[in-house]
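The stops below are meant to be selected one after another.

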Amino acid sequence: MDTETLKNLQVAFDVAPSAELAKVITLGLIEQDDEGAIQYLPRLQIQTMSDDEKRKLTHFLAGHDCLEEAINFLENGDHHDRLRTVEIYIDQGDIKQASIVYQELLVKHPELESDKINSQVGVISPPGTDKRPKLRVVEKGNVAEITELGKYREKTTNFNDVVGLKNVKKLIHKKIILPFHKPNLFQRFKKKVGGGVLLYGPPGCGKTLLSRATAGECNASFYNIEISDVLDMYIGESEHKLHAIFEKARNDTPCVLFFDELEALAGKREYNKGNASNIVSQFLTELDGFSQNNEGVLVLASTNVPWSIDNAFLRPGRFDRMFFVPPPDREAREAILTYYLKDKPVEGDIDKAALAAKTSGFSGADLENLIDMATDEAIDETIESGRETNISFTHLRAALNDCSSTTSEWLTTARNYARYANDGGRYNDVLEFLKKHGK
Ligand SMILES: Nc1ncnc2c1ncn2[C@@H]1O[C@H](COP(=O)(O)OP(=O)(O)OP(=O)(O)O)[C@@H](O)[C@H]1O
Ligand SMILES: [Mg+2]
């Protein structure tokens with residue numbers, strides 16, 4: 001197609017866009033190796049394209065470093081197109097994703113199985129069988145994946161970044177950090193270093209932040225375990241991965257394993273069926289360290305629904321230390337406001353004490369959001385007036401009208417559990433907090 005015709009077609013497309021026209025233009029531009037073709041991708045309909053056209057397009061995208069666009073395009077296609085995405089993932093070196101898509105595909109379309117891809121993604125099919133296997137054996141490539149589990153040491157976050165929460169910080173220092181810093185002292189008293197600590201409290205009050213800061217303060221290896229490191233769609237694989245994670249930790253002591261949002265892996269078994277319940281059992285076995293030695297392995301976890309955690313986890317010897325991370329009190333709220341305003345341009349002396357008094361029940365995240373909204377307001381004003389405007393008390397007060405506390409609902413639920421299901425004084429800290437703040 002000549003350039004003139006192509007130009008005319010593009011003008012026609014701008015006036016009356018259609019999938020058919022988009023296809024013609026795209027193929028025309030590809031012929032001329034013109035990157036402008038990429039902008040027509042969202043308008044293409046893969047179903048209306050022939051295999052040859054699809055092949056031309058993906059080849060062009062791969063040649064222009066647009067693998068992601070190629071994958072997005074092929075994902076709307078049929079099973080042959082999906083198989084092509086597997087090849088692209090392999091080319092990209094993303095074997096994990098290739099393996100996931102490939103195996104999903106084989107469940108419905110076993111005829112797509114190829115020895116070449118099998119060997120590339122590590123799927124073994126039983127030798128000499130013509131019949132399609134019902135259960136696929138996944139090569140234990142996953143173990144290698146776990147050994148690659150990123151060691152997490154955030155040097156930039158430490159306790160100075162966590163404002164307020166003095167008591168919890170003191171507790172963490174005493175129970176977690178000190179044992180790692182002074183092992184001899186603990187050895188002398190024959191006290192074990194390690195065990196389980198569960199941080200719980202309303203959302204946005206700094207549990208994850210505290211754990212990250214603990215990683216920065218600790219002199220130990222710190223592994224941040226994500227749900228995706230454990231959960232696997234194949235039966236038995238998740239348990240296997242969990243075991244491998246603990247094994248790795250045991251071989252790398254002193255060490256902290258951090259499980260954020262613990263409820264995802266340790267939910268009550270009566271609500272779980274099958275696989276999830278097996279993960280809980282495996283997790284308990286690992287924590288007990290009956291056949292293994294968990295000395296020097298500290299398991300730190302956080303949740304905002306401690307009442308959804310299977311009770312077996314909260315037994316002595318497992319997560320027996322539960323630390324309540326409360327919403328910030330007035331003093332802490334003032335400090336958080338100061339912390340988040342410190343590097344921003346502000347107008348005069350903002351009365352943070354007055355703001356702190358008005359934000360009872362706000363979490364750290366709520367306060368950060370409040371300042372964010374006031375900042376947006378100041379930016380808007382700057383743009384509109386053309387003059388540099390700073391964040392003023394008026395902006396903050398206006399933002400306050402649009403923000404509300406997100407912790408009260410949590411505290412109401414927690415109060416009910418603390419009053420009626422306070423097994424062994426598990427939620428005494430919550431009760432004390434509620435009493436102190438007259439809630
Ligand atoms: N005490 C605090 N000091 C400084 N910033 C805080 C504090 N508490 C919360 N924040 C801010 O709020 C954000 C959210 O906190 P974080 O993710 O730690 O909450 P969380 O308790 O883990 O909540 P969730 O239960 O929803 O996971 C933090 O990234 C931080 O920016
Ligand atoms: Mg969190």
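This is a predicted model: local features need pLDDT of at least 70, side-chain atom pairs count only at pLDDT 80 or more; totals for chains, interfaces and linings use all residues.

Residues are numbered from 1 along each chain as its sequence is written, and chains are lettered from A and ligands numbered from 1 in the order in which they are written.

**Whole protein.** Colour by secondary structure: the protein has 21 helices and seven strands. These are DSSP runs numbered from the N terminus, helices being H or I of at least four residues and strands E of at least two. Of the 439 residues, 32% are buried. Buried means that 20 or more other C-beta atoms lie within 10 Å of the residue's own; exposed means 12 or fewer, partly exposed is in between, and C-beta atoms are placed from the backbone. Contacts are pairs whose C-beta atoms, placed from the backbone, lie within 7 Å. Among contacts between residues at least 6 apart in sequence, 68% join residues at least 24 apart.

**The sheet.** Select the five strands of the open sheet, which follow the order β4-β5-β6-β3-β7 with parallel pairing. Two strands pair if DSSP finds at least two bridges between them. β4 and β7 (321–324) are at the edges with a single partner strand each, so one side of each has no neighbour in the sheet. On average, neighbouring strands are turned by 20° against each other, direction ignored.

**Strand β5.** Next select residues 255–259. How many of the residues of β5 are buried? Five of the five are, so β5 is largely enclosed by the rest of the structure. Cys255, Leu257 and Phe259 point one way, while Val256 and Phe258 point the other way. In a regular strand, side chains alternate between the two faces of the sheet.

β5 pairs with β4 (residues 221–225) in the parallel sense over five bridges. Here Phe222 stands opposite Val256, and Asn224 has Phe258 as its bridge partner. Four of the five residues of β4 are buried. Five bridges also join β5 to β6, again running parallel, and Leu257 has Val299 of β6 as its bridge partner.

Select β3 (residues 195–200), which pairs with β7 in the parallel sense over four bridges. Val197 has Arg321 of β7 as its bridge partner. Axes are lines fitted to C-alpha atoms, for helices over the stretch in contact, and angles run from 0 to 180 degrees between N-to-C directions.

**Ligand 1.** Which residues are the closest to ligand 1? They are Pro203, Gly206, Lys207, Thr208 and Gly364, in a shell of 18 residues (C-beta atom, placed from the backbone, within 6 Å of the ligand). α11 (207–217) and α18 (364–385) are the elements that give two or more residues to this shell.

**Two loop residues.** Finish with Asp33, in the loop between α2 (19–31) and α3 (51–63). Its phi is near 55°, a positive value in a residue other than glycine. Asp33 counts as exposed, with 10 C-beta neighbours inside 10 Å. Asp65 is in the loop between α3 and α4 (67–75), and has a positive phi of about 60°. Asp65 is exposed because it has 8 C-beta neighbours inside 10 Å.

Note on methods:
Two residues are in contact if their C-beta atoms, placed from the backbone, lie within 7 Å.
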